[in-house]
Amino acid sequence: MKDLFFFASEHIILISIWFFCLMILIFFSIKNMFLTSNIINNIQAIKLINQDKAIIIDTRTAEIFQTGHILNSINIPLENIFLDDINEIRKYKMFSIILILKNTYEYNQCIKIFLKNGFKNVYILKNGLDDWNLNHLPLVVK
């Protein structure tokens, strides 16, 4: 034990860096335990759509939605979700929900509204439709 204190006093910078890394590790571990939604990639989304019959909710504006969206997705603008106007999808509470967001920083508020309304399995498509387009996956264009 005496050697441990001697080592710590002689290598204070090394101990500080180790302590900082430990705190970061603990923070991210706790954050992941309390994370109520999953951010999924395109492959996971396709698997959810095909196997679990997941419902896709596109939260972009109607104008942007018309320029291209995933087949069978439902357009509910983010403003409507924030106003808790999601009556048209309440019948899908038992299904997995995949949210398409234009800005991923808004997902916490959006998830809270869905959880408050009884939705259990809510997922966020990582990077919205940007990655979907980069992987040349199909879109419906009107």
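In the predicted model, residues 24 or more positions apart make up 66% of the contacts with a separation of 6 or more. The protein contains seven helices and five strands, and these follow the order α-α-β-α-β-α-β-α-β-α-β-α along the sequence. Of the 142 residues, 32% count as buried. The accessible surface amounts to about 9,800 Å², and carbon and sulfur atoms contribute 62% of this area.

The radius of gyration of the protein is 21 Å, whereas a compact globule of 142 residues would have a value near 14 Å. The C-alpha trace spans about 70 × 35 × 30 Å along its principal axes. The domain assignment divides the protein into domain 1, residues 1-35, and domain 2, residues 38-140. Taken over C-alpha atoms, the centres of domain 1 and domain 2 are separated by 39 Å.

Helix α2 covers residues 12-34 and includes Trp18. Trp18 has a relative accessible area of 56% and is therefore classed as exposed, the cut-off being over 50%. On the surface, Trp18 belongs to a nonpolar patch together with Phe19, Met23, Ile26 and Ile30. The accessible area of these residues together is about 510 Å².

Leu101 lies in the loop that runs between β4 (97-100) and α6 (107-116). Its relative accessibility is 2%, so Leu101 counts as buried under the 20% limit. Leu101 and Ile57 are 44 residues apart along the chain, and their C-alpha atoms are separated by 8.8 Å.

Phe95 is placed in the loop between α5 (78-82) and β4. With a relative accessible area of 34%, Phe95 is partly exposed, in contrast to Leu101, which is buried. When residues up to four places away in sequence are not counted, Phe95 touches Asp52, Lys53, Ile55 and Asn121. The C-alpha atoms of Phe95 and Leu48 are 9.9 Å apart, while the two residues are 47 residues apart in sequence.

The structure holds one salt bridge. This salt bridge joins the side chains of Arg60 and Asp58, with an N to O distance of 2.8 Å. Arg60 and Asp58 are both buried.

Backbone geometry was also examined. Most residues other than glycine have a negative phi. Asn72, a residue other than glycine, has a positive phi near 65°. Asn72 is found in the loop between α4 (62-67) and β3 (74-75), and its relative accessible area of 66% places Asn72 among exposed residues. A positive phi of about 60° also occurs at Asn127, which is likewise not a glycine. Asn127 is located in the loop between β5 (122-125) and α7 (128-134). The relative accessible area of Asn127 is 36%, and Asn127 is partly exposed.

How values were computed
Residues are numbered from 1 along each chain as its sequence is written. This is a predicted model: local features need pLDDT of at least 70, side-chain atom pairs count only at pLDDT 80 or more; totals for chains, interfaces and linings use all residues. Side-chain values use heavy atoms; hydrogens and water are left out. Patches are made of residues with over 30% relative accessible area and no salt bridge: like charges are joined within 9 Å, nonpolar side chains (Val, Leu, Ile, Met, Phe, Trp, Tyr) within 5 Å. Accessible areas come from the Shrake-Rupley method with a 1.4 Å probe; for residues, only the protein chains shown count as cover. A salt bridge is a side-chain nitrogen of Lys or Arg within 4 Å of a carboxyl oxygen of Asp or Glu. Helices (H or I, at least four residues) and strands (E, at least two) are DSSP runs, numbered from the N terminus. Buried means under 20% relative accessible area, exposed over 50%, partly exposed in between (1.4 Å probe, protein chains only). The radius of gyration is taken over C-alpha atoms; the globule rule is 2.2 Å times the number of residues to the power 0.38. Contact means heavy atoms within 4.5 Å. Domain bounds come from an automatic or database domain assignment.
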